[in-house]
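I opened my notebook for a first look at this structure. Here is what I looked up, one entry at a time.

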Amino acid sequence: GRGSASGGECSCEAFLPNSTFPIGELILLESTAVEINYKLEMEISKVEIYEVKLKVYVAKIMNLTVLIELMEDDPDSYSELHIEEVKIKIKQVEALIVELRASIQTTSAVVMIAVLTQLEITYDKNQVLVTRREYIILQQKLEECERRHNEIFNPDIGICNHGGIRRISKPIVSQLNADLSAGYIYGGWGKDSKPLPGSENMYWYSGSTDTLVSKVTQYSDYYKLIMRQAFKTHQLYVQNKYDWRGTGNNYIVRENTLYYQFRSPFAMGKLNMTSVKVEYKVIPMASTQFSYHYSGNQNLDFAADESGLWVTYATVESKGKLVLGKINEVSFEVEEVWQTSIYKPSVGNTFMICGVLYATRSVDTKTEEIFYTFDTRTEQESYVSIPFEKFQNSYVYLDYNPTDQKLYMFNNGYYISYHVCTLQQSFLKQKTQSHGNS
């Protein structure tokens with residue numbers, strides 16, 4: 001506004017906005033809200049009345065259904081009077097349905113929404129409400145992004161205080177194998193599950209055109225792996241010197257030692273890549289007859305988790321059902337054994353997390369599923385459904401690494417990895433409390 005004084009007179013000029021405060025519309029909105037609240041209470045009371053009536057009429061409908069079926073089977077036993085009586089009962093039910101439909105009135109609610117929308121369009125020129133809604137949505141997305149970031153980049157490494165796998169991330173495709181050949185469909189890759197000091201960033205890779213394991217290559221870090229700049233390649237076969245070759249794609253590296261399926265004799269094999277010494281131990285009753293679904297010669301499958309070193313296999317005595325063994329890393333002997341109920345040839349692959357065995361199977365060409373778990377602490381098995389995406393149809397290698405809580409897959413010659421998200425105890429506690437309060 002603006003004011004001025006002259007000749008003993010005072011004059012003022014006021015500049016009003018184009019729009020005045022919408023008191024009339026707000027009063028209408030308030031009265032509409034009161035009206036809707038009253039009608040809502042009326043409708044709730046009606047619903048309670050009709051609920052009782054519905055129970056009665058459901059029973060009548062069931063009786064009518066039985067009666068009509070009897071009449072259809074033997075129409076000659078019923079007179080016109082019976083038929084008319086049935087028609088009356090049907091019309092009574094129809095009348096109730098019509099009455100129920102007519103009792104549901106949404107006109108007031110529609111009016112209220114229309115008034116609110118018009119108020120926003122007319123008076124929210126700066127789109128404050130729209131911006132606020134967008135901000136809330138953005139904030140929710142940010143919180144979800146932060147939660148996922150913490151799951152992926154700040155996992156509780158080495159901690160087993162969780163309720164098992166909640167979900168598996170989408171596949172992370174690194175690149176084609178170091179041999180630059182799509183024909184190298186057999187192989188594996190990953191990190192040392194218990195690295196020696198100074199080797200925490202080391203990666204390894206082994207690949208071939210068949211299930212024969214002839215060499216393993218080491219890279220000082222992920223960048224060197226991607227650039228194919230190896231610092232060491234260990235040959236498992238040198239003509240006229242030694243033959244340490246293995247079969248299958250079931251190996252892991254732990255404390256700079258390769259654990260793999262020894263070819264001849266059929267046994268557990270370990271190559272100490274520091275001292276370049278090999279040792280093997282036969283597992284009594286372990287059979288070469290049973291392999292995984294995707295590949296042959298996968299008879300002994302090694303795994304490592306937070307609690308140590310494991311091996312899975314099957315026996316003739318178990319009729320091909322999967323057997324899980326815990327390996328004593330000092331004596332290199334299977335010191336404890338658990339029998340599962342799953343048939344090994346139906347399984348895609350297995351891995352261990354915190355003493356729990358997880359088994360996978362194919363759902364379709366793009367989806368794999370964790371369908372079975374066996375907890376060695378409780379000796380309890382269970383069937384679950386945790387689907388995750390495959391990069392391509394089939395794969396020959398899948399193992400968990402406890403140092404970064406990732407799954408490593410070798411899929412048609414490509415390096416693939418997944419983040420593993422677990423059920424945290426805080427979430428389990430909240431879930432248990434909500435069930436207890438319900």
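**Disulfide.** I counted a disulfide wherever a pair of cysteine sulfur atoms lies within 2.5 Å. The structure holds one. I found that Cys-160 and Cys-354 form it, with their sulfur atoms 2.1 Å apart. The link of Cys-160 and Cys-354 is left-handed, at -85° about the S-S bond. I then looked up where the two cysteines sit: Cys-160 is in the loop between α4 (128–153) and β3 (162–168), and Cys-354 in the loop between β21 (349–353) and β22 (356–364), 194 residues apart. Helices (H or I, at least four residues) and strands (E, at least two) are DSSP runs, numbered from the N terminus.

**Ground rules.** I kept in mind that this is a predicted model, where local features need pLDDT of at least 70, side-chain atom pairs count only at pLDDT 80 or more, and totals for chains, interfaces and linings use all residues. Residues are numbered from 1 along each chain as its sequence is written, and side-chain values use heavy atoms, leaving out hydrogens and water.

**Confidence.** I read pLDDT as the predictor's confidence in each residue, from 0 to 100. The chain averages 84, and 79% of the residues score at least 70.

**Sheet.** I traced an open sheet of four strands in the order β17-β18-β19-β20, with antiparallel pairing; two strands pair if DSSP finds at least two bridges between them. The edge strands, each pairing on one side only, are β17 (301–305) and β20 (333–343). Strand β19 (residues 321–328) is joined to β20 by seven bridges. I also noted Gly-325 standing opposite Val-337 in β20.
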